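Please read the following report alongside the sequence and the model shown here.

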Number of protein chains: 2
Amino acid sequence: MSTVNKKKAVILLSGGLDSATCLAIANKQGYACYAVSFDYGQRHKAELLAAKRLADELGVEGFKTIRIDMDGIGGSALTDDSIAVPEGGVAEGIPVTYVPARNTIFLSLALGWAEVLDADDIFIGVNAVDYSGYPDCRPEFVSAFEKLANVATKKGVETHSLSIKTPLIDMSKADIINKGISLGVDYGLTVSCYQANDAGEACGKCDSCRLRTEGFAAAGVPDPTRYR
Amino acid sequence: MSTVNKKKAVILLSGGLDSATCLAIANKQGYACYAVSFDYGQRHKAELLAAKRLADELGVEGFKTIRIDMDGIGGSALTDDSIAVPEGGVAEGIPVTYVPARNTIFLSLALGWAEVLDADDIFIGVNAVDYSGYPDCRPEFVSAFEKLANVATKKGVETHSLSIKTPLIDMSKADIINKGISLGVDYGLTVSCYQANDAGEACGKCDSCRLRTEGFAAAGVPDPTRYR
């Protein structure tokens, strides 16, 4: 099928394991993919380079990094250097790595780009099984955002066709990894660590590293992560 | 009442007539106001200086200008210089000055700041009477965003207390102007024009100028706008 006839989708691409798999799934489903990553003042800027590499490797029609001044708002260990990233293991409740309204902000900007592209579908790699307990990774959130999108925009009001796609929502981390491998994702290109260094090397101790390491073990697949 | 006991609110402050009135109303209602304006690549950057002046003049506890790369997304006469601002009068339908997902993006960032401040209320000066027909100025949009806010955030999930306040929603432009004057708003400080020059002087021809000029005439109040 030529690009011209493909349905377009905007893909949120952080550079981590989940969003890389999400992009591979959208590609496999035949979408012309437009990937977007966000430079929001996060500690782990290495994920932005990873996002660009993944976009090149997996193939996209367009790629954009949008800068947002979220570090001016703060309130998270990921955007405020004075709050330490927890290293003691995934605990109950919403952790300090939660970034206030992050996925709402990211989906809003993706929605704006989708409208300009005339794309109906936005893919986000949220997962409510092996996750950090963030409220904006749950199905209730996704459903509320989809409703909003269809009253908030010219396209939504005219077509009611805007859809937020979450192919990973019910999958375990091991399922996600196996799915990605079947689609040819090179997880050695991805960076998940909340405090990855500039070379993309992981700490191995933060929640994101722990969920990822356990995922590779459960999937029975060699872990390609470069630990420092 | 001392600042310490005041309820906090985040106020979207564009520098125009409506948001200035909205801030004056929130102040009058006794809120400790935190105003936010957005540098999103708009033509009419003069409104950002106006927002800062209004925050100083009307009084706020905090003021922030957040930069967002929306000009990289485009799709509007306000963010893409190759699309002309219409000057022929307010027409039927959604005009080319509509900015894809703008109020969704602005409210999302305001929501993030509200959560960090522990503020329940966000004020937005949308108005669905004398307005340009933008979908994200309607009560359906506001209601959908409020629902989203309460599932999207830690604060929302824990308290269900987040509220989007729209004191101007059912008011005519003349009513808004009379309300603002009763609260001491100096409309000479506001900039509404979509193509205001750097000195803040208005074109007198765009939809925003027309709605404003007619508003002052209907209110029977001298129009303090500086036309070029």
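## Strands 2 and 3 of chain B

In this predicted model, strand 2 of chain B (residues 32-39) pairs with strand 3 of chain B in the parallel sense, over six bridges. Strands are DSSP runs of E with at least two residues and helices are runs of H or I with at least four, numbered from the N terminus, and two strands pair if DSSP finds at least two bridges between them. Ala35(B) has Phe63(B), in strand 3 of chain B, as its bridge partner.

Helix 2 of chain B (residues 46-58) packs on the sheet and touches strand 2 and strand 3 of chain B, where contact requires C-beta atoms, placed from the backbone, within 7 Å. The direction of this helix makes about 170 degrees with that of strand 2 of chain B; axes are lines fitted to C-alpha atoms, for helices over the stretch in contact, and angles between N-to-C directions run from 0 to 180 degrees.

## The sheet of chain B

The open sheet has five strands in the order 3-2-1-4-5, with parallel pairing. Strand 3 (62-67) and strand 5 (163-165) of chain B each have a single partner strand, so one side of each is left without a neighbour in the sheet.

## Chain A against chain B

In the model, 36 residues of chain A are in contact with 36 residues of chain B. On the side of chain A that touches chain B, helix 3 of chain A gives the largest share, nine residues.

## Conventions

Residues are numbered from 1 along each chain as its sequence is written, while chains are lettered from A and ligands numbered from 1 in the order in which they are written. Local features need pLDDT of at least 70 and side-chain atom pairs count only at pLDDT 80 or more, whereas totals for chains, interfaces and linings use all residues.

Key: Two residues are in contact if their C-beta atoms, placed from the backbone, lie within 7 Å.
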